[in-house]
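Please look at the model shown here, and then read the notes that follow with the structure open beside you.

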Amino acid sequence: MRMKKLLGVVVAAVVLRSGAASAYEADERQRPDQNWTAEQSHWFHHAGQGTFILPYHWFLALERPTLRLFGTVPLFREEDNLARFGFLPSPTDPRYNPDGLPIGFAKDRVRDPDTGDEVEVVGLTCAACHTSEIQYRGEKILVDGGSAMIDVTAFQRELGLAVGYTAKVPFRFGRFAARVLGDGATAEAEAELRKRFDAVLASGVGEKRVAEARRLYEVPGGFTRTDALGRIGNLVFGLQLDEENLRVADAPVNYPPLWDASWFDWVQYNASIQQPMARNIGEALGVRARIDLKGRDEELYRSTVNVRNLYEMEKLLSGPEPFEGLRAPKWPEDILGEIDRQKAA
């Protein structure tokens, strides 16, 4: 019981101030031995799975949904803003994370199944929901595969507001267009950008109205929790196929840890899926990878899902045999205190 209380104190020490996690330098963290190299860990944090939130440079150019009479409006993508939703900072590097986005964000290139165009996008990765951090007495411990502290619902809501403010607040779209297109862009290029931007806004507004009308998400998830299966089903089988398939998603639960999960008899926590890659592809579709479920012949089932990366992630997590992939971290006694061996026995 004493150990359980101490663990609760440790988890609570992941500072959430006014719904915000504190910002800090990524290289200050302690990394317990989990059978991964630093390179493997960093790749997992930013490997794309084909998810599609927004075009990449749109995301970098968006301002926060705040109003200011004087001075500049901070960008949405800045570290302190994304930390408010629980996303953990990650170091910049040219190969995996060129713009220093948090753990769980990927710069990716996908082929849109609707248009056939290749698009550079920002998407969420497996690591967004399955990387955690413990803060205790000034020390920070990064846990790969642990339950994340993020609030996906709040992130989605604020991002939607940022898009709406960009479209409706005077002068804001002009600043956005200058960041996306660069100085000296033609009026035709800005008009085309505006057309595409308004289409994204209209799609988001329509999705929100349907959700509110059908009261799909009346039970909030919040930090550490979401109804993943409910939201996946609604996005894939409802919004992308037939709205008659939409169902109320009212069972938010904690993000599960990933170590050893590949070797379970059932790899989805409601005992609905046994094959890890089927689970992984479903997860990618639920985090807004795109798929054509209404096309004909060769176009049917075309998607942006990065099957190769999902397979490599699964191999990295599982290892060749049980307990040879990602491992649960051992209790760091030098940081969190010694275990009472007698009580533990």
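Lys208 and Glu212 both sit in helix 8, 4 residues apart, which is about one turn of the helix. The two side chains form a salt bridge whose closest N and O atoms are 2.4 Å apart, where a salt bridge is a side-chain nitrogen of Lys or Arg within 4 Å of a carboxyl oxygen of Asp or Glu. Helices (H or I, at least four residues) and strands (E, at least two) are DSSP runs, numbered from the N terminus.

This is a predicted model, in which local features need pLDDT of at least 70 and side-chain atom pairs count only at pLDDT 80 or more, while totals for chains, interfaces and linings use all residues. Residues are numbered from 1 along each chain as its sequence is written, and side-chain values use heavy atoms, with hydrogens and water left out.

**Salt bridges**

- Glu212 is partly exposed, with a relative accessible area of 47%; buried means under 20% relative accessible area, exposed means over 50%, and partly exposed lies in between (1.4 Å probe, protein chains only).
- The structure holds 22 salt bridges.
- Arg64 and Glu78 meet through their side chains in a salt bridge of 3.1 Å, N to O.
- Both Arg64 and Glu78 lie in the loop between helix 3 (56-61) and helix 4 (79-83), so the pair ties together parts that are 14 residues apart in sequence.
- Within this pair, Arg64 counts as buried at 14% relative accessibility, whereas Glu78 is partly exposed, with a relative accessible area of 31%.
- Glu207 forms a salt bridge with Arg288, and the closest N and O atoms of the two are 2.4 Å apart.
- Glu207 belongs to helix 8 (residues 187-213) and Arg288 to the loop between helix 10 (276-286) and helix 11, so this pair ties together parts that are 81 residues apart in sequence.
- Glu207 counts as partly exposed at 22% relative accessibility, and Arg288 counts as partly exposed at 29%.

**Helix 7 against helix 8**

- Two packed helices are described by the angle between their axes and the distance between the axes.
- Helix 7 (residues 172-181) and helix 8 pack at an angle of about 110°, with their axes 11 Å apart; the axes are lines fitted to C-alpha atoms, for helices over the stretch in contact, and angles run from 0 to 180 degrees between N-to-C directions.
- Helix 7 and helix 8 are therefore roughly perpendicular to each other, given that angles under 35 degrees count as roughly parallel, over 145 as roughly antiparallel, 65 to 115 as roughly perpendicular and the rest as oblique.
- The contact (heavy atoms within 4.5 Å) is made by Phe173, Gly174, Phe176, Ala177, Val180 and Leu181 of helix 7 and by Ala189, Glu190, Leu193, Arg194 and Phe197 of helix 8.
- By class, the contact of helix 7 with helix 8 has 8 nonpolar, 1 polar and 2 charged residues, where Ala, Val, Leu, Ile, Met, Phe, Trp, Tyr, Cys and Pro count as nonpolar, Asp, Glu, Lys and Arg as charged, and the others, Gly among them, as polar.

**Helix 2 and its surroundings**

- Helix 2 (residues 38-46) packs with helix 11 (residues 307-318) at an angle of about 140°, and their axes are 11 Å apart.
- Helix 2 and helix 11 are therefore oblique to each other.
- In helix 2, Gln40, Trp43 and Phe44 meet Asn309, Glu312, Met313, Leu316 and Leu317 of helix 11.
- The residues of this contact of helix 2 with helix 11 divide into 5 nonpolar, 2 polar and 1 charged.
- Ser41, His42, Trp43, Phe44, His45 and His46 are the buried residues of helix 2, and what covers them includes strand 2 (105-111), helix 5 (126-129), strand 4 (131-136), strand 5 (139-144) and helix 11.

- Pro55 is placed in strand 1 (residues 54-55) and counts as buried at 11% relative accessibility.
- Not counting residues up to four places away in sequence, Pro55 touches Glu120, Val121, Val122 and Arg196.
- Arg137 has a positive phi of about 50° although it is not a glycine, and Arg137 is placed in the loop between strand 4 and strand 5, where it is exposed, with a relative accessible area of 74%.
- Asp260 has a positive phi of about 70° although it is not a glycine; Asp260 lies in the loop between strand 7 (253-254) and helix 10 and is partly exposed, with a relative accessible area of 25%.
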